[in-house]
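Hi there,

Here is the structure I promised to pass on. Have a look first, and my notes follow below.

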Amino acid sequence: MPGTVLMVTQQPGGLFALTDPSETTGSVFFVDSVTGTDGAGYGRDPTRPTATIDYAHNLCAANKGDRVYVMPGHAETLATAGALTMDLDGVSIIGLGVGAQRPLISFSATGSTIVVSADKCRLANLQLKSTVNELVKFINAAGAEYLEIDAVDVIDGGSAKEALQFILTDADSDYLEIKNCRHWQLTAGATAQLWIALVGCTGAYIHDNVFILKLQDGATCSAINADANTRLSHFARNTGHITGYTAGLVSAVIGTSGATGLHENSYWYCDTTITTTINACPS
């Protein structure tokens, strides 16, 4: 018989399952807002999932490669800052499903956020949507080295349901990677919008994303913005259609003087003349 990498394993309180140890040797947890319950004995197998992602995340252990699988059709609303907080190193939250069946996380208050404060975390195959006017940000990365965001889409919430920012980093969030995302928002914010805001971090890699955004008509507003202390960023193969400006657009990608990095092979379309360059990265 041909060989296989699959192994039969059993989680405590869960079912026997075939697993591929090349994917993870950690524990696996399941979330489903339709059939799930946040309580003892739930989360270990897909027939007894938890109801919320944060509850399942808190069942994980740090640095074990644990994964939270969010079931197709899952829908969850975050109403406070850090309502979903990733504070355990090495945990992945992965949505299952294709298209509209991918898990949907809604943000219902201006301050509601996903907070990532641990290292080596991953968010993948999720949909995010603002249901409030002037949502401040979707994701706050605070001390989150090696955060990977893969195919985490922003879907348009409709008129007066706009977000100001997708992600804000701090200086301890080095080696951020954002890839394969599609962000669509057709209502401009009333205040400045730095959609991806890199603050003091090193080694960010932002690539192969599509942005269709209407942004506030301000000189600092941009799809990608790196402050003066950002180092060695790499922006590649991104495509953006950025609207909302009159004559105030400086650039779709802005690096403040002192920022360093590389911007290559991207395409940006705008609704007004850019006053400096499509690639305002001075270093």
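Let me start with A151, which is found in strand β12 (residues 148-154); helices (H or I, at least four residues) and strands (E, at least two) are DSSP runs, numbered from the N terminus. Please keep in mind that this is a predicted model, where local features need pLDDT of at least 70, side-chain atom pairs count only at pLDDT 80 or more, and totals for chains, interfaces and linings use all residues. Residues are numbered from 1 along each chain as its sequence is written, and side-chain values use heavy atoms, with hydrogens and water left out.

Back to the backbone: most residues other than glycine have a negative phi. A151 is not a glycine, yet its phi is positive, near 55°. Y175, also not a glycine, has a positive phi of about 65°. Y175 sits in the loop between β13 (167-168) and β14. Its relative accessibility is 37%, so Y175 counts as partly exposed (buried means under 20% relative accessible area, exposed over 50%, partly exposed in between; 1.4 Å probe, protein chains only).

Strand β14 (residues 177-179) includes K179. Beyond its neighbours within four places in sequence, K179 is in contact (heavy atoms within 4.5 Å) with E148, I149, D150, A151, H207, D208 and N209.

Finally, the cysteines. C181 is buried at 0% relative accessible area, and C201 is buried at 1%. The disulfide count is zero, taking a disulfide as a pair of cysteine sulfur atoms within 2.5 Å.

Best wishes
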